[in-house]
Amino acid sequence: MRSVSRPRRSPAAIVALSTVAAVVLTTGISDATPTTVPVPDEAGVYELANGCYGVQAASGEFVRRSGSGYRADGATAGDAEPFRLHAAALGRFMFFGTDTTMLAHDGAGAVTATAAATAVTDWTVMSTGTALVLTATSNGRQLVTRGAELVMSEPGVVPDSGAFTLVERSGCADFPESEVNATGPVSGLGPNGEVRGFIDTHVHVNASEFLGGNIHCGRPFDPQGIAAALVDCPDHQPNGLPAVLENVVSYGNPFKEHDTTGWPSFADWPAQDSLTHEQTYFKWVERAWRGGLRIFTNLLVANRVLCEVYPSTRNPCDEMATIRIQAEQTRQLQDYIDAQYGGPGKGWFRIARSPEEVRRIAADGKLAVTLGVEISEPFGCSLRSGVPQCTKEDIDRGLDELQALGVRQMIVTHKFDNALGGVRFDIGITGVAVNVGNYLATGDFWRAEPCAGVAEDHPLPTTVEGADALIGLLPPGATIAVYPPDWKCNSRGLTDLGEYTVRGLMARGMIVDIDHMGVKTAEATLDILEAAGYSGVVSSHSWSDTAMYKRIYALGGFVALYAGKLDGAGGDEKGHDGFVDQWREARAMRSDDFYFGFGYGADTNGFGAQAPPRQSAETHPLLYPYTTFEGTIMDRQRTGTRVFDVNTDGVAQYGLIPDWIADMRNVAGADGDTIIEDMSRGAEAYLQMWERARS
């Protein structure tokens with residue numbers, strides 16, 4: 001375990017805390033009774049996070065560990081059990097003892113000690129002005145004393161023996177948590193006031209809630225900490241063999257086994273090629289921020305058809321309902337991180353709704369989190385047998401709702417054709433599977449034709465070999481479509497409703513993400529943007545034909561590449577060259593009329609494999625520790641007993657993104673300084689694009 005640092009406190013906060021706890025010397029504790037002083041206000045309660053305290057009852061006795069629980073019969077402050085206060089949320093804490101058990105209740109009247117971090121270890125701490133009240137968050141009953149016993153109050157009864165104060169202690173155990181392994185300050189701004197750092201234009205931090213909520217294993221945070229957040233799925237137990245989806249989509253082997261243990265060993269996951277295990281735990285994102293990340297575009301993601309096909313769900317499959325759930329989870333994550341740092345607004349993870357907010361956040365040295373959407377049927381705009389299932393009124397209501405939720409970037413078509421336009425095809429057996437999904441969603445398979453120009457939507461399957469299991473998803477009599485080898489473009493283009501949506505995004509100053517659009521849809525969208533001189537356009541993760549990049553740059557738009565393999569041919573799942581070679585090609589298309597910077601779209605948690613170890617890493621590795629462009633020293637990242645190394649693990653989880661970027665120097669050779677400079681200019685380039693769109 002590691003030492004969890006306490007929040008940096010202002011002088012005012014120190015004064016506030018001095019009113020809640022009597023100071024006890026760390027060694028040679030005297031048996032004098034601490035002076036009773038007034039407790040702090042609500043803000044002072046937040047400041048208790050990560051502190052080390054003993055608990056004193058109204059009787060003056062101190063709470064100590066006893067048998068299977070606790071008693072309030074300690075005569076001196078030195079008898080008090082030292083509790084580490086882990087913030088479960090703003091104003092909620094877990095009291096973590098020196099033997100790594102926690103203050104808990106049994107759901108009825110008894111108070112116990114338990115090593116399992118669950119809802120019964122979660123306490124809401126409130127100030128009465130003269131004392132603290134501890135209430136079980138799970139059932140609303142208060143912690144009280146009955147003589148020397150600690151018990152829970154009766155339901156509906158306001159107790160008169162539930163007042164407590166705290167004394168500062170030493171010797172507390174450290175609450176389990178991942179390390180960050182980054183040393184140095186975060187500035188966020190360059191010498192001319194520009195935002196300096198990296199941008200991820202496409203990541204999915206809320207995957208735990210998509211596709212019904214049970215398909216993804218783990219969460220970006222949990223009130224009860226890392227041991228509760230990073231657990232494998234129940235249907236992966238006991239040895240990974242039942243995890244059919246994980247085994248097929250990640251490894252192509254339905255009989256693969258994996259170690260299902262999460263904290264603290266993480267023997268087999270997270271892994272760069274595991275597609276159903278959590279990779280954006282908040283401490284890993286924190287490491288990316290410390291390593292240079294400045295804008296984090298979190299795409300809320302959903303797919304109704306895939307949700308309905310999967311047999312286990314806890315969330316609705318309606319895509320807009322899923323988006324609302326994920327937007328709320330993002331706000332909860334912001335609050336949780338605030339709680340770790342001592343109160344509202346004090347955390348490093350800040351949701352931004354405008355370029356101006358991003359600049360303020362960066363100036364404070366924090367991470368700006370912007371929201372986007374990537375769904376297949378936005379606003380209910382599905383297509384059934386060629387008939388749109390939405391209206392212009394639905395689109396306006398939907399865009400207004402997205403804007404109110406804080407969404408500022410939108411993918412218009414995703415995986416399946418919809419009432420707005422045609423999609424870009426997937427390839428290989430994945431393409432066959434997605435085409436079956438297109439049939440289930442729309443009543444039709446993709447309609448294809450020869451491409452009219454150099455841009456294409458990927459080759460379509462010419463055979464259904466290996467697709468036997470997919471055939472079973474179709475209704476009787478339906479067969480999977482196959483296509484001539486030169487039919488590589490979707491014949492569906494941007495519809496009237498699609499044009500209405502694009503113009504609606506422009507009217508609201510939102511960013512049009514053309515990724516996943518078929519060539520005809522993307523070209524028609526760019527025609528509209530060019531006619532209006534609208535800069536707010538992005539290709540967020542290599543899901544547009546590269547022929548579109550020059551037009552995007554000419555508009556003042558932004559290009560980011562999928563954060564895949566750095567070197568060699570066939571750098572990503574679609575057969576593109578490595579990231580560095582693709583960067584060189586894209587850079588050659590840039591416009592000199594606009595500030596240039598470059599970005600990446602990790603697509604983490606989005607059913608896309610992350611970057612594998614570099615081919616030459618064994619003989620020419622990234623050396624740890626290394627120093628970032630702004631002077632932060634980054635060592636290998638440690639979570640529990642697992643130590644991650646980009647040379648052997650690739651980007652197994654999001655905390656390795658800075659290592660992956662640092663490794664670009666090794667691949668780029670003489671262009672090493674240039675690619676790091678371009679990446680560090682990415683956040684500012686994206687911001688200037690967004691500002692032009694809003695002007």
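Let's start with a pair of helices: the axes of α12 (residues 496-507) and α13 (residues 519-532) come within 10 Å and cross at roughly 40°. That makes α12 oblique to α13, where angles under 35 degrees count as roughly parallel, over 145 as roughly antiparallel, 65 to 115 as roughly perpendicular and the rest as oblique. This is a predicted model, in which local features need pLDDT of at least 70 and side-chain atom pairs count only at pLDDT 80 or more, while totals for chains, interfaces and linings use all residues. Residues are numbered from 1 along each chain as its sequence is written, and side-chain values use heavy atoms, with hydrogens and water left out.

Helices (H or I, at least four residues) and strands (E, at least two) are DSSP runs, numbered from the N terminus. Axes are lines fitted to C-alpha atoms, for helices over the stretch in contact, and angles run from 0 to 180 degrees between N-to-C directions.

**Helix packing**

α12 passes α13 in a right-handed crossing, meaning that the near helix is turned clockwise from the far one by less than a right angle. On the α12 side, Glu-499, Val-502, Arg-503 and Met-506 meet Thr-525, Ile-528, Leu-529 and Ala-532 of α13; contact means heavy atoms within 4.5 Å. By class, this contact of α12 with α13 has five nonpolar, one polar and two charged residues. Here Ala, Val, Leu, Ile, Met, Phe, Trp, Tyr, Cys and Pro count as nonpolar, Asp, Glu, Lys and Arg as charged, and the others, Gly among them, as polar.

Helix α12 also packs with α9 (residues 392-405), at an angle of about 30° and with their axes 10 Å apart. α9 and α12 are therefore roughly parallel to each other, and α9 passes α12 in a right-handed crossing. Lys-392, Ile-395, Asp-396 and Leu-399 of α9 meet Leu-497, Tyr-500, Thr-501, Gly-504 and Leu-505 of α12. The contact of α9 with α12 has five nonpolar, two polar and two charged residues.

Another pair is α15 (residues 579-587) with α19 (residues 672-680), whose axes come within 12 Å and cross at roughly 75°. That makes α15 roughly perpendicular to α19. Phe-579, Val-580, Trp-583 and Arg-587 in α15 meet Thr-674, Ile-675, Asp-678 and Met-679 in α19. Sorted by class, the contact of α15 with α19 has five nonpolar, one polar and two charged residues.

**Cavities**

Searching the whole structure gives four cavities of 30 Å³ or more. On a 1 Å grid over the protein atoms alone, a cavity is a set of points where a 1.4 Å probe fits but cannot get out, and lining residues have an atom within 4 Å of a point. Grid points are joined across faces, edges and corners, and a volume is the space filled by probe spheres set on the points.

| Cavity | Volume | Lining by class |
|---|---|---|
| Largest | about 90 Å³ | six nonpolar, four polar, two charged |

Residues lining the largest cavity include Tyr-553, Phe-558, Arg-590, Phe-594, Tyr-595 and Arg-692. For the second largest cavity, the lining includes Lys-565, Asp-567, Pro-612, Pro-613, Arg-614 and Trp-660.

**Backbone details**

Now for some individual spots along the chain. A cis peptide bond joins Gln-237 and Pro-238, with omega about 5°, and Pro-238 is in the loop between α3 (226-229) and α4 (244-251). The peptide bond from Trp-269 to Pro-270 is cis too, with omega near 0°; Pro-270 belongs to the loop between α4 and α5 (282-290). His-516 has a positive phi of about 75° although it is not a glycine, and His-516 lies in the loop between β24 (511-513) and α13.

**Two residues and their surroundings**

Ile-351 belongs to strand β17 (residues 349-351). Leaving aside neighbours within four places in sequence, Ile-351 is in contact with Thr-330, Arg-331, Gln-334, Glu-357, Ile-361 and Val-369.

Ala-148 sits in the loop between β11 (143-146) and β12 (149-152). Not counting residues up to four places away in sequence, Ala-148 touches Arg-71, Ala-72 and Asp-73. The C-alpha atoms of Ala-148 and Arg-290, 142 residues apart along the chain, are separated by 47 Å.

Note on methods: On a 1 Å grid over the protein atoms alone, a cavity is a set of points where a 1.4 Å probe fits but cannot get out, and a pocket is an open set with protein on both sides within 12 Å along at least five of seven lines; lining residues have an atom within 4 Å of a point.
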